[in-house]
Amino acid sequence: MSPGDVLFGAFALPFMGRALLVLLVLAVVAGIVGVLVNLRGLEFISDGLTHAVFPGLAIGLAVGGTAGLVPGAAIAALIGAVLLTLFVRAGVTSDAAVAVVLTATFSVGVIVVSRSDDYAGELEALLFGRVLTIAPEDVVPLLVVSLVAAVAVGATLKQQVFLAFDRQGSRAAGDRALLLDLVLNASIALVVVAGASTVGTLLVLALLIVPGASARLATVRLWRLFPIAAAVGAVSAWLGLAVGFGASVGAGVDLPAGSTVVAVFVVVYGVMLGVRLVRDRLAGRSPVVRASADSEPIGDRRVGAGAGEG
């Protein structure tokens, strides 16, 4: 099997084409949302939301079969997003709030799944995804969920970035922090819903975190982070599906598609990290792998004081 067949020809197959379409849209949206997650330091809250969708997936599967996965997960994720936002706003530490939501929701999901006849099979599908078995009728709901998240973040993007860098300044400018927090957490939740239906609840966090973190390695220009993260997500998703197909069909090595996609995300991050460290060393700078969002004022449109321009 030639490289061209693996990288391009494989996606002429209907199930591969559906997987590519859903993952490309999801990866682009997750990359954009993930930049805000990275700037706001919301990785742990995002982890909590990935587990909050689990009971929704389980209940949706039990009630409506595979057609109930997305509606059930969406309802559970949005409830989890609202609860987490209100807990944090009420003064509960984010770690404690996430721990409460994570343990409560995940236990409910396991209880629901355990009542089914095919407990092991259904649990595996929910945890590790079903990207290569997405039914044609499920494509549109997954795309709609992803695009709603993109529209919500896009409509509030400037306010979200301002809030990430200067919460007091954002409040003084008249922005409503609670509303912006709800919009961002709801967008994270919707990305998690689409991701949980493709790569599974255990691996969906990589779609949110890795592209944004990779973009931080590539540039310190604030508004370049978003297209770079989207590009990293899209290319990684495409390569991950192609590698999995090539290994399974060409080499006879059966690789789980969702896990392979996530592994490629991590490999791409590792390559970009290595390039960044070498570049910083050659330039005589101390390596700056991750800088806080408030390391430079938003007016400079840079992220991370002392980091090199990409």
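This is a predicted model: local features need pLDDT of at least 70, side-chain atom pairs count only at pLDDT 80 or more; totals for chains, interfaces and linings use all residues.

I next searched for aromatic pairs and counted two. In one of them the ring centres of F8 and W238 lie 5.7 Å apart with the planes at 40°, so I noted the pair as tilted, because an angle under 30 degrees would be needed for stacked and one over 60 for edge-to-face. Since F8 sits in the loop between α1 (3-7) and α2 (14-40), while W238 belongs to helix α12 (residues 225-250), I noted that the pair ties together parts 230 residues apart in sequence.

I turned to S46, which I found in helix α3 (residues 43-64), and with 0% relative accessibility it counts as buried. Setting aside neighbours within four places in sequence, I listed V37, I188, L205 and L208 as the residues in contact with S46.

Two further helices went into the notebook. Helix α10 (residues 177-196) has 20 residues and reaches 28 Å from its first C-alpha to its last, close to the expected 28 Å; 16 of those 20 residues are buried, so I described α10 as largely enclosed by the rest of the structure. Helix α11 (residues 204-218) has 15 residues and reaches 23 Å between its first and last C-alpha, close to the 21 Å expected, and I noted it as mostly covered, with 14 of its 15 residues buried.

Terms used:
Residues are numbered from 1 along each chain as its sequence is written. Side-chain values use heavy atoms; hydrogens and water are left out. Helices (H or I, at least four residues) and strands (E, at least two) are DSSP runs, numbered from the N terminus. The expected span of a helix is 1.5 Å times one less than its number of residues. Buried means under 20% relative accessible area, exposed over 50%, partly exposed in between (1.4 Å probe, protein chains only). Rings of Phe, Tyr and Trp (its six-membered ring) pair if their centres lie within 6.5 Å; planes under 30 degrees apart count as stacked, over 60 as edge-to-face and the rest as tilted. Contact means heavy atoms within 4.5 Å.
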